[in-house]
Amino acid sequence: MEKRIMLSTPTMHGEEMEYVKEAFDKNWIAPLGFNCDNFEMEMDQYLNKGIDDGFKTLALCSGTAALHLATKLSGVKEGDIVLCSDMTFAATVNPVSYEGGKQVYIDSERDTWNMDPRALEKAFEKYPEAKVVVLAHLYGTPSKMDEILEICKKHNAILIEDAAEALSAKYQGRECGTFGQYNAISFNGNKIITTSGGGMLITNIGGAREQAFKLATQAREKAPWYQHEHIGYNYRMSNVVAGIGRGQLLHLDEHRALKEKIYNRYKEGFKELPVTLNPYLENSVPNFWLTCITINEGINKNPMDLMNKLNELNIETRPIWKPMHMQPVFKDCDFIYVEDKPVNEDIFARGLCLPSDIKMTEDEQDYVINAIKEFFI
Ligand SMILES: *Cc1c(COP(=O)(O)O)cnc(C)c1O
């Protein structure tokens with residue numbers, strides 16, 4: 001293939017440019033402004049569909065900024081234990097360190113590759129003082145929310161939901177990003193919709209959005225001069241970038257449907273192969289952001305060899321996110337698991353993320369499928 005087949009790249013439609021142009025025409029280039037306000041309003045409507053829990057969004061410069069504010073608002077302080085998803089991207093858990101907290105990593109279950117409720121319960125037994133849980137929905141697959149929420153409630157813990165990869169995914173009909181007290185989504189370039197860079201904090205805790213807004217705009221107090229009583233940040237989304245987001249949001253459900261089609265075509269294509277796709281629960285609808293495989297146990301093939309072979313054929317793949325407890329930077333953090341051996345180490349050793357770009361044609365996807373078939377002959 002001459003054209004490289006990519007994992008996940010931005011897909012623009014045209015409306016994005018119209019909103020951006022409007023910002024230019026009105027010279028509303030500064031942070032904040034009508035695109036930002038409208039993007040938040042439109043996203044509020046999207047997330048609150050079918051529920052009346054009053055979730056409100058705050059548009060920020062990144063998903064990481066949203067997670068940082070979520071961590072601050074949850075009250076994480078120097079030395080606090082925070083129970084965190086282990087198989088995720090580092091941005092989920094870095095803000096815990098920004099605030100001086102200490103991550104304890106929780107292994108995944110095999111049904112969704114997300115935080116194992118049994119391991120979470122075990123962690124609370126070891127760390128009854130823990131007051132905050134940070135949960136990510138990996139690759140757009142909803143976690144076992146019923147169990148997780150029950151455990152958080154039982155231990156009176158705040159839940160931060162990292163839905164950066166899971167926008168438009170649903171668990172029992174409810175949107176991911178509306179389960180925790182403080183939740184984050186991302187519009188980074190590779191996500192299901194993108195603003196080039198950006199994110200949102202989502203909360204329905206009274207006064208929390210206002211507090212986050214203040215922190216995100218340098219913590220200015222109400223005074224004619226610049227008056228500060230707290231340390232603030234410059235975390236808001238620009239009005240230009242928000243225009244891209246408004247245009248993208250019009251196509252979010254369409255993107256999700258295309259991602260699902262890619263997943264199902266892989267599933268069909270790999271019927272005869274010793275591989276398993278990233279699984280999901282029947283009561284959930286993933287957004288299928290990335291389709292991944294694991295090579296079945298007992299098959300003497302290495303996913304890194306498959307990655308290298310596909311790379312030679314101009315096909316981009318990526319290893320499964322390396323678990324946090326295996327990262328040198330977190331070597332001092334505790335890791336809790338309940339099976340004989342850590343599930344995440346096993347998924348990492350046998351797994352690979354496949355091209356899931358919605359601009360990939362059926363012919364291109366067949367080319368990927370055939371290349372993977374050849375690898376197993
Ligand atoms: C992308 C991502 C983030 C970070 O979002 P940014 O907007 O890039 O800061 C956080 N968590 C997960 C799981 C992600 O995939």
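How many nonpolar, polar and charged residues does the lining of the second largest pocket have? I come back to this in point 4, after a few words on the model.

1. **Ground rules.** This is a predicted model, so please keep in mind that local features need pLDDT of at least 70 and side-chain atom pairs count only at pLDDT 80 or more, while totals for chains, interfaces and linings use all residues. Residues are numbered from 1 along each chain as its sequence is written, and side-chain values use heavy atoms, with hydrogens and water left out.

2. **Two domains.** The domain assignment gives domain 1 (15-249) and domain 2 (252-376); such bounds come from an automatic or database assignment. Their C-alpha centres lie 25 Å apart. The contact between them takes 50 residues from domain 1 and 42 residues from domain 2, where contact means heavy atoms within 4.5 Å.

3. **The largest pocket.** A pocket here is an open set of points on a 1 Å grid over the protein atoms alone, with protein on both sides within 12 Å along at least five of seven lines; lining residues have an atom within 4 Å of a point. The largest pocket holds about 430 Å³ of space, a volume being the space filled by probe spheres set on the points, which are joined across faces, edges and corners. Its lining counts 31 residues, and Phe89, Ala90, Ala91, Glu165 and Lys191 lie nearest the centre. Helix α3 (residues 63-73) gives the most to this lining, with three residues; helices are DSSP runs (H or I, at least four residues) numbered from the N terminus. Each of domain 1 (15-249) and domain 2 (252-376) supplies at least three residues to the lining of the largest pocket.

4. **The second largest pocket.** Back to the opening question: the lining of this pocket has four nonpolar, three polar and six charged residues. In these classes, Ala, Val, Leu, Ile, Met, Phe, Trp, Tyr, Cys and Pro count as nonpolar, Asp, Glu, Lys and Arg as charged, and the others, Gly among them, as polar. The volume of the second largest pocket is about 290 Å³. Of its 13 lining residues, Phe213, Lys214, Thr217, Gln218 and Arg220 are the closest to the centre.

5. The largest cavity has a volume of about 70 Å³. Among the 14 residues that line the largest cavity, Thr9, Thr11, Lys191, Ile192 and Ile358 are the closest to its centre. By class, the lining of the largest cavity has four nonpolar, seven polar and three charged residues.

6. **Helices α2 and α8.** Helix α2 (residues 34-47) packs on helix α8 (residues 239-249) at an angle of about 35°, with their axes 8 Å apart. Axes are lines fitted to C-alpha atoms, for helices over the stretch in contact, and angles run from 0 to 180 degrees between N-to-C directions. On the α2 side the contact residues include Phe34, Phe39 and Tyr46, and on the α8 side Ala242, Arg246 and Leu249 are among them. The contact of α2 with α8 divides into seven nonpolar, five polar and two charged residues.

7. **Helices α9 and α12.** The axes of helix α9 (residues 252-269) and helix α12 (residues 362-376) come within 10 Å and cross at roughly 35°. Residues in this contact include Lys261 and Arg265 of α9 and Glu362 and Asp366 of α12. The contact of α9 with α12 has four nonpolar, two polar and five charged residues.

How values were computed
Helices (H or I, at least four residues) and strands (E, at least two) are DSSP runs, numbered from the N terminus. On a 1 Å grid over the protein atoms alone, a cavity is a set of points where a 1.4 Å probe fits but cannot get out, and a pocket is an open set with protein on both sides within 12 Å along at least five of seven lines; lining residues have an atom within 4 Å of a point.
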